[in-house]
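Biologist: Please take one part of this model and go through it closely. I would like to hear about strand pairing, packing and charged contacts.

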Amino acid sequence: MINQRGTAVWNGDIKGSGSITTQSGTVEAPYSVGARFEGQKGTNPEELVGAAHAGCYTMFLTSILTKEGKQVQQITTESKVTLDTSGEIPKIVKISLTTEGRVAGISQEEFQQYAETAKKNCPISQLLRAVPEMELASATLK
């Protein structure tokens, strides 16, 4: 078993602000309501979920391609997390993955199949199954 930690500290009421850090110390970022809902400088939970998902997905896709003997040159992924703020309680309603890969010796169709497998099975995708919609918007082989 591997345990990893993230920590958040909040100062003041809802108009206050805080910081989010990772166990390794490589991420230490301010966050606030303004950063989350008003486009102000700082990070927010949805952005961090997107980054974690993109990282996990990309690593998982690379792993399955490598295990199949494919020559991976580069995989780039964006995970767009949609937060619906129209109701009384904000909800994450959609996650959309877009991935591009440079992989020698496979077709676009094969890359699409590997990309779908990674979407279903990477640990963060599994964690996020409660999100009503998770799509692989595109998987492009360069």
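Modeller: What follows is a close look at the sheet, then at its surroundings.

First, the ground rules. This is a predicted model, so local features need pLDDT of at least 70 and side-chain atom pairs count only at pLDDT 80 or more, while totals for chains, interfaces and linings use all residues. Residues are numbered from 1 along each chain as its sequence is written, and side-chain values use heavy atoms, with hydrogens and water left out.

The sheet is open and has three strands, in the order β4-β5-β6. Its pairing is mixed. Strands here are DSSP runs of E with at least two residues, helices are runs of H or I with at least four, and both are numbered from the N terminus. Two strands pair if DSSP finds at least two bridges between them. The edges are β4 (71-84) and β6 (133-141), each pairing on one side only. From one strand to the next, the twist averages 15°. β4 runs antiparallel to β5 (residues 91-104), and 13 bridges join the two.

Now the helices. Helix α2 (residues 45-67) lies across β4, β5 and β6. Contact here means heavy atoms within 4.5 Å. α2 runs at about 150° to β4. Axes are lines fitted to C-alpha atoms, for helices over the stretch in contact, and angles run from 0 to 180 degrees between N-to-C directions. Helix α3 (residues 108-121) lies across β4, β5 and β6 as well, at about 150° to β6.

Next, charge. Side chains of opposite charge can pair when their charged atoms come close. The cut-off for a salt bridge is a side-chain nitrogen of Lys or Arg within 4 Å of a carboxyl oxygen of Asp or Glu. The whole structure has five. K94, E133 and E135 are linked in a network of them. K94 bridges E133, with the closest N and O atoms 3.8 Å apart. K94 sits in β5 and E133 in β6, so this pair ties together parts 39 residues apart in sequence. K94 also meets E135, at 3.3 Å from N to O. E135 is in β6 too, so that pair ties together parts 41 residues apart in sequence.

How open are these side chains? Buried means under 20% relative accessible area, exposed over 50%, and partly exposed in between (1.4 Å probe, protein chains only). K94 is partly exposed because its relative accessibility is 24%. E133 is partly exposed at 37%. E135 is partly exposed at 25%.

K119 pairs with E116, the closest N and O atoms being 3.8 Å apart. Both lie in α3, three residues apart, about one turn of the helix. K119 is buried at 17%. E116 is partly exposed at 25%.

β2 (17-22), α2 and α4 (123-127) each supply at least two residues.
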